[in-house]
Every structure is written in structure tokens, then in C-alpha cells.
Amino acid sequence: MNAGTPMQRDPAKGRALRKPMSGGSVWPGQRCPAFTVRTVGLVCGSGCWFCRYANFHLRKPISLDVGICCWPEAQSD
């Protein structure tokens with residue numbers, strides 16, 4: 001197992017971003033200034049980290065744990 005693979009060790013994971021990373025990965029715990037919580041279709045309460053600007057393939061049979069930033073195009077409310 002390679003310890004340097006992006007899925008295992010991402011330097012941006014858990015860090016505050018200065019601007020949205022459009023086209024980049026959205027990791028759990030990442031703090032983005034454009035973060036807007038999704039309000040429809042998820043049962044995650046106030047702790048939900050699914051940003052409405054990120055694509056997590058939530059309508060596919062298997063969703064992504066690490067999403068793709070699509071800012072400024074909203075993916076869902």
C-alpha cells in the first residue's frame with residue numbers, strides 16, 4: 001500500500017481554504033469560505049458537511065466520500 005496516494009493522505013484535508021477549489025476534491029472536515037449546507041434530500045441534521053456546490057454523486061448507486069467542487073454552480077439545495 002502506497003502511503004502517498006491522494007485518497008489516503010491529502011494535504012488539504014482538514015484545512016481552511018482561502019477560496020473554493022473548483023474542480024478539486026472536497027474532503028470531510030475541509031473548511032471552505034463558499035460552503036453552503038444542503039437543505040433538501042439529506043438526513044444529516046445540523047452536522048451535515050455535504051456542500052451544495054459539491055458533487056458527491058448522491059443520486060448514483062454508490063455515492064462518493066470525497067466530492068468534487070463545482071463552485072459556483074450549485075449541485076443541490
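**Entry 1: Cys32**

I started at Cys32, which counts as partly exposed at 25% relative accessibility. My classes are buried under 20% relative accessible area, exposed over 50% and partly exposed in between, with a 1.4 Å probe and protein chains only. The next cysteine I looked up was Cys69, which is in no disulfide; its nearest cysteine sulfur, in Cys32, is 6.0 Å away. A disulfide here is a pair of cysteine sulfur atoms within 2.5 Å. I then searched the whole structure and found zero disulfides. Cys69 itself is buried, with a relative accessible area of 9%.

**Entry 2: what I am working with**

This is a predicted model, where local features need pLDDT of at least 70, side-chain atom pairs count only at pLDDT 80 or more, and totals for chains, interfaces and linings use all residues. I number residues from 1 along each chain as its sequence is written, and side-chain values use heavy atoms, with hydrogens and water left out.

I checked pLDDT, the predictor's confidence in each residue from 0 to 100. The chain averages 74, and 68% of the residues score at least 70. Over residues 1–8 the pLDDT is below 50. Beyond near neighbours in sequence, that stretch has seven contacts in the model. Contact means heavy atoms within 4.5 Å.

**Entry 3: strands and sheet**

I count zero helices and three strands. Helices (H or I, at least four residues) and strands (E, at least two) are DSSP runs, numbered from the N terminus. The pattern along the sequence is β-β-β.

Which order do the strands take in the sheet? It is an open sheet with the order β1-β3-β2 and antiparallel pairing. The edge strands are β1 (25–26) and β2 (54–55), each pairing on one side only. Pairing requires that DSSP finds at least two bridges between two strands. I find two bridges joining β2 to β3 (residues 67–69), and these strands run antiparallel.

**Entry 4: Ala54**

Ala54 sits in strand β2. Its bridge partner in β3 is Cys69. Buried or exposed? Ala54 is buried, at 1% relative accessibility. Leaving aside neighbours within four places in sequence, I list its contacts as Val26, Arg38, Ile68, Cys69, Cys70 and Gln75.

Cys51 lies in the loop between β1 and β2. It is buried, at 8% relative accessibility. Outside four places in sequence, Cys51 is in contact with Ala34, Phe35, Thr36, Arg38 and Phe56. I also took its C-alpha separation from Trp71: 9.8 Å, at 20 residues apart along the chain.

From Trp71 I moved to the next peptide bond. The bond from Trp71 to Pro72 is cis, with omega near 10°. Most peptide bonds are trans. Pro72 lies in the segment after β3. Ala54 and Pro72 are 18 residues apart in sequence and 9.4 Å apart, C-alpha to C-alpha.

**Entry 5: whole-chain totals**

Of the 77 residues, 22% count as buried. Among contacts with a separation of 6 or more, 29% join residues 24 or more positions apart. The accessible surface comes to about 5600 Å², and carbon and sulfur atoms hold 55% of it. I used the Shrake-Rupley method with a 1.4 Å probe; for residues, only the protein chains shown count as cover.
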